[in-house]
Amino acid sequence: MTPRSLVSASALLLSSLTLVVVAAAQSHAAPHPIVLHAARLLDVKNGRLIKPGEILVQGDRIVEVGTSVKHPAGAEVIDLGDRTLLPGLIDAHIHLFLHPGAEDLQTVQESVPQRTITATLAARDDLMAGFTAERDMGTEGAGSADTAVRNAIDEGRIPGPRLRISGNAVNILGGHEDAIGYNPEQRVLPNADYANNADELVAVMRRQFKEGADFIKIYETGPDSVQDGKFTTLYQYTEPQLEAAVKEAARVRRRVAVHATGEPGTLFAAQAGVVSIDHANQLGDETMRLMKEKQIFAVPTFTIFEYFADHAATPEQAARERQMLDLHAQEFKKQIAAGVPMALGSDVGPFPHGTQAREFVLMVKFGMSPLAVLQADLVNGAKLLGWDGQIGALEPSYLADVIAVPGDPLQDLAVLQNVAFVMKGGVIYKK
């Protein structure tokens, strides 16, 4: 490393440590009232902008919202100028324990303590990008280390979003996340926990709940391929096996989400009653009908598909990834027309944390209006994470998770890639 690189690295480390120290010092919301003022405020449920917009915050909650609110004695007034106030963003599909690079090798080469540090920094980056709530869809081989990260955030010891965590995802032997391609005698660590039948699923789930998981993430399909222009994938669990998992989760008032890219795995998941089908590259007519009827969310994760296409190792691989994305986009239009409930998730981790607001732009590009995408993210995201009525809107009694962006998000969601202000639970993390 050159002296200049060493200085830059040292400066970056010092900056990171400073953020952590500041966040720890601000672990509790300000004791005095705060009034946020901006040129515009988004009423996401009704799809309109309030001009100007003000929010009165007391402690960790919103007290009042409108064009003008009370200014109690001693209130701190923060004028954010020509910006739009809106609820903190929600990413319903993330991987804090991953970074760009070979996922299998991260499990093999990096210790769990090292990966936990990576996750801590990733949580900070996501928060600074305006994501105040997230659902971590598996630590990819780091077990229940996400419990420690979630708890440290909740205790105000490190900065990060509100988290729903799943520990390791669950997978069959020889399945989608079983380090296929290595010499089997090397016993390369998988990125998920093994369960090969209903009884094993229940046993694994009980251990994960004991270790702190908020929900269970199951790999239902994989590997994926395109044959004769058609998407195809293998299923991993039958509908009765998934139903056993859903019933076990419901017993302790928790839910199951699945990685499921196509039929018949997606149908099995919908029949079993999972809470979300993530990726959802291909959904059959009956699957879409069931998802609409049961209000099962599809989480498209376009950003990861785009990233893999743009960063493929060979032109041939890039062409395959681009074809996969194009087919996904075509199917997405059918899903919108069928009324499948949507939530927003990016699959960030294999691409850099803090950059996932690209998902908003892609969901518009592939067929949704800006307002529909915002409602999918904020209204549906709050429901999916189990925080409905607490986050996802700027309303009295809601948690004070507030961001500010330039411009009008109802016209151009690219403005969400330039978050200028971040408040979570009444604590200001970026100003």
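This is a predicted model: local features need pLDDT of at least 70, side-chain atom pairs count only at pLDDT 80 or more; totals for chains, interfaces and linings use all residues.
# Reading burial, pockets and salt bridges

Reader: How far apart are Q106 and E140 in sequence and in space?

Author: The two residues are separated by 34 residues in sequence and by 8.8 Å in space, taken from C-alpha to C-alpha. E140 sits in the loop that runs between strand 9 (131-136) and helix 4 (145-154). With a relative accessible area of 2%, E140 is also classed as buried.

Reader: What is there to read in the backbone of E140?

Author: For E140 phi is near 55°, which is a positive value in a residue other than glycine. A280 is another such case, with phi near 50°. A280 belongs to the loop between strand 17 (276-279) and helix 8 (285-294). At 1% relative accessibility, A280 is buried.

Reader: Now the salt bridges. How many does a search of the whole structure find?

Author: The general idea comes before the count. Side chains of opposite charge can pair when their charged atoms come close. Over the whole structure the search gives 22 salt bridges. One of them pairs E155 with R157, with 3.2 Å between the closest N and O atoms.

Reader: Which parts of the chain does the salt bridge of D193 and R207 link?

Author: The side chains of D193 and R207 meet at 2.7 Å, N to O. This pair links distant parts of the chain, with D193 in strand 12 and R207 in helix 5 (residues 198-210), 14 residues apart. D193 has 15% relative accessibility and so counts as buried, whereas R207, at 37%, is partly exposed.

Reader: What about D310 and R322?

Author: D310 and R322 form a salt bridge whose closest N and O atoms are 2.7 Å apart. This pair also links distant parts of the chain: D310 is in helix 9 and R322 in helix 10, 12 residues apart. D310 is partly exposed at 48%, and R322 is partly exposed at 31%. Elsewhere, salt bridges with shared partners join D193, R207 and E211 into one network.

Reader: Turning to open space, what lines the largest pocket?

Author: Read the volume, then the lining. The largest pocket has a volume of about 1200 Å³. Its lining is made of 43 residues, and E103, H176, E177, F308 and E321 are those nearest the centre. Among the elements that each supply at least two lining residues are helix 2 (103-109), strand 14 (221-227), helix 9 (302-310) and helix 10 (315-337). By class the lining has 18 nonpolar, 15 polar and 10 charged residues.

Reader: What volume does the largest cavity have, and which residues line that cavity?

Author: There are 3 cavities of 30 Å³ or more. The largest cavity has a volume of about 50 Å³, and its lining includes K45, L378, D388, I391, G392 and Y398. That lining has 6 nonpolar, 2 polar and 2 charged residues. The second largest cavity holds about 40 Å³. Its lining includes P87, T132, I391, G392 and D401, and has 6 nonpolar, 3 polar and 1 charged residues.

Reader: Last, the surface: which residues form a nonpolar patch with about 230 Å² of accessible area?

Author: L105, V108 and Y182 form this patch, the area being that of the three together. Y182 lies in the loop between strand 11 (169-171) and strand 12 (192-194). At a relative accessible area of 34%, Y182 is partly exposed.

Definitions and conventions: Residues are numbered from 1 along each chain as its sequence is written. Side-chain values use heavy atoms; hydrogens and water are left out. On a 1 Å grid over the protein atoms alone, a cavity is a set of points where a 1.4 Å probe fits but cannot get out, and a pocket is an open set with protein on both sides within 12 Å along at least five of seven lines; lining residues have an atom within 4 Å of a point. Grid points are joined across faces, edges and corners, and a volume is the space filled by probe spheres set on the points. Helices (H or I, at least four residues) and strands (E, at least two) are DSSP runs, numbered from the N terminus. Ala, Val, Leu, Ile, Met, Phe, Trp, Tyr, Cys and Pro count as nonpolar, Asp, Glu, Lys and Arg as charged, and the others, Gly among them, as polar. Patches are made of residues with over 30% relative accessible area and no salt bridge: like charges are joined within 9 Å, nonpolar side chains (Val, Leu, Ile, Met, Phe, Trp, Tyr) within 5 Å. Accessible areas come from the Shrake-Rupley method with a 1.4 Å probe; for residues, only the protein chains shown count as cover. A salt bridge is a side-chain nitrogen of Lys or Arg within 4 Å of a carboxyl oxygen of Asp or Glu. Buried means under 20% relative accessible area, exposed over 50%, partly exposed in between (1.4 Å probe, protein chains only).
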